[in-house]
Amino acid sequence: MPNNIKPLNVVIIGQGAIGLLYYHSLRKIELLSDERKPLSTVSTSLLATDQYEDKSRAYKFTDIKNQQTQGKVQFTQPKHLQNADIVLCCVKSYHVSAAIESVVDELNPKAVIILAHNGMGTLDQLNKRVIKQHVFAAMLTTHGSLKTDSYTIRHTGEGLTQLGLILTKTQDKRANAFSGQSALQRLDFFIELLNKVLPKVVWEEDIRTAQWHKLAINCVINPLSAMLNIKNGKIADTVHLAKVNALVLEIVAVAQKESVHLNAKKLLDKVIAVAKATAENSSSMRCDVLAKRKTEIDYINGYICNLAEKHHLKAPENKNLVEAIKSLN
Ligand code: PAF
């Protein structure tokens with residue numbers, strides 16, 4: 001890359017397991033390139049809800065090989081928002097609209113906003129002004145990251161990061177129409193950088209279908225593991241197969257009405273494969289229920305129920321799980 005290219009300014013929102021994993025990875029590039037001056041390719045800051053409590057906070061990161069690193073957190077200041085090229089929003093789905101709206105007045109209007117959360121439906125909750133102004137992308141990740149304490153995470157499993165534009169007609173046009181570096185160029189550069197430190201990162205033309213696959217995985221594993229208080233692997237036991245299959249069929253029918261064509265058999269195999277691949281993990285919803293935190297059920301099975309209603313379909317299996325999880329809170 002030529003020396004005259006300005007660094008990509010990235011603001012990460014959220015000090016959870018995923019926010020800190022991507023923050024650490026991008027800071028790693030920054031620190032490496034600082035050593036090889038004069039080239040600095042990325043500048044990353046973290047916007048955390050508690051950043052004003054302790055401005056000189058350190059974070060601890062344990063990598064997949066059990067190597068530990070500590071680093072000082074560079075918290076987001078107004079100048080970071082004004083210069084932001086990319087905002088990676090890593091908060092829970094029910095905090096997305098508040099998080100974005102808290103920064104939007106100060107945010108560079110050209111910043112691409114990447115949503116990285118479980119479930120769907122957050123874009124519909126955003127203020128129309130925000131939607132009109134920014135290009136939105138979605139990020140899906142299968143990396144395992146465990147928060148063991150405040151600002152302390154462990155990278156528990158390597159995975160794949162998928163990124164793609166969440167298209168609307170206006171965004172489609174604007175994605176290519178920014179003066180200077182276009183939104184797509186910024187995203188390309190972001191992918192190139194991340195691939196150096198947290199492979200593999202890929203561009204997904206059809207991110208919507210990928211989002212629906214992830215949604216189906218979450219609709220099955222998260223509420224069942226939370227309700228039955230079991231690890232992910234147990235979902236693959238034959239005793240749960242009929243329920244898993246019924247959930248998948250409801251999701252496929254709703255997706256069809258939204259013009260997303262999913263193959264029920266392949267989706268079922270995928271859900272079971274993810275349950276087995278993450279067998280020893282506790283799903284995020286099970287963790288939330290055990291810790292008596294709010295869950296993302298409204299954006300997972302609740303999202304399916306809302307769409308089912310809109311299309312005059314019945315989704316009793318998903319509905320039962322929404323009610324069951326709500327009764328646990
Ligand atoms: O939400 C989660 O826990 C994860 O998305 C998944 C894939 C179910 C694995 O635990």
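**Ligand shell and aromatic pairs**

Let me begin with the shell around the ligand, whose residues divide into 1 nonpolar, 6 polar and 1 charged, where Ala, Val, Leu, Ile, Met, Phe, Trp, Tyr, Cys and Pro count as nonpolar, Asp, Glu, Lys and Arg as charged, and the others, Gly among them, as polar. Please keep in mind that this is a predicted model, in which local features need pLDDT of at least 70 and side-chain atom pairs count only at pLDDT 80 or more, while totals for chains, interfaces and linings use all residues. Residues are numbered from 1 along each chain as its sequence is written, and side-chain values use heavy atoms, with hydrogens and water left out.

Which residues are around the ligand? They are N118, K214, N218, I221, N222, N232, S283 and S284, each with a heavy atom within 4 Å of the ligand. Helix α7 gives the most to this shell, with 4 residues; helices here are DSSP runs of H or I with at least four residues, strands are runs of E with at least two, and both are numbered from the N terminus.

Turning to polar contacts, meaning pairs of N or O atoms within 3.5 Å, an oxygen atom of the ligand lies 2.6 Å from an N or O atom in the side chain of S284. For the side chain of N232 the corresponding distance from a ligand oxygen is 2.9 Å, and for that of N222 it is 3.1 Å. Of the 280 Å² of accessible area that the ligand has on its own, the protein covers 83%, by the Shrake-Rupley method with a 1.4 Å probe.

Now to the aromatic pairs, of which a search of the whole structure finds 3; rings of Phe, Tyr and Trp (its six-membered ring) pair if their centres lie within 6.5 Å, and planes under 30 degrees apart count as stacked, over 60 as edge-to-face and the rest as tilted. The ring centres of Y23 and Y59 are 5.6 Å apart with the planes at 75°, so this pair is edge-to-face. It links distant parts of the chain, since Y23 sits in helix α1 (residues 17–35) and Y59 in strand β3 (residues 58–62), 36 residues apart. Both Y23 and Y59 are buried, that is, under 20% relative accessible area, with exposed being over 50% and partly exposed in between (1.4 Å probe, protein chains only).

W212 and Y303 form a tilted pair, at 6.2 Å centre to centre and 50° between the planes. This pair joins helix α7 (residues 207–228), which holds W212, to helix α11 (residues 301–310), which holds Y303, 91 residues apart. W212 is buried at a relative accessible area of 0%, and Y303 is buried at 14%.

Conventions:
A polar contact is a pair of N or O atoms within 3.5 Å; within protein, one must be able to donate a hydrogen and the other to accept it, and residues adjacent in sequence count only if both atoms are side-chain atoms.
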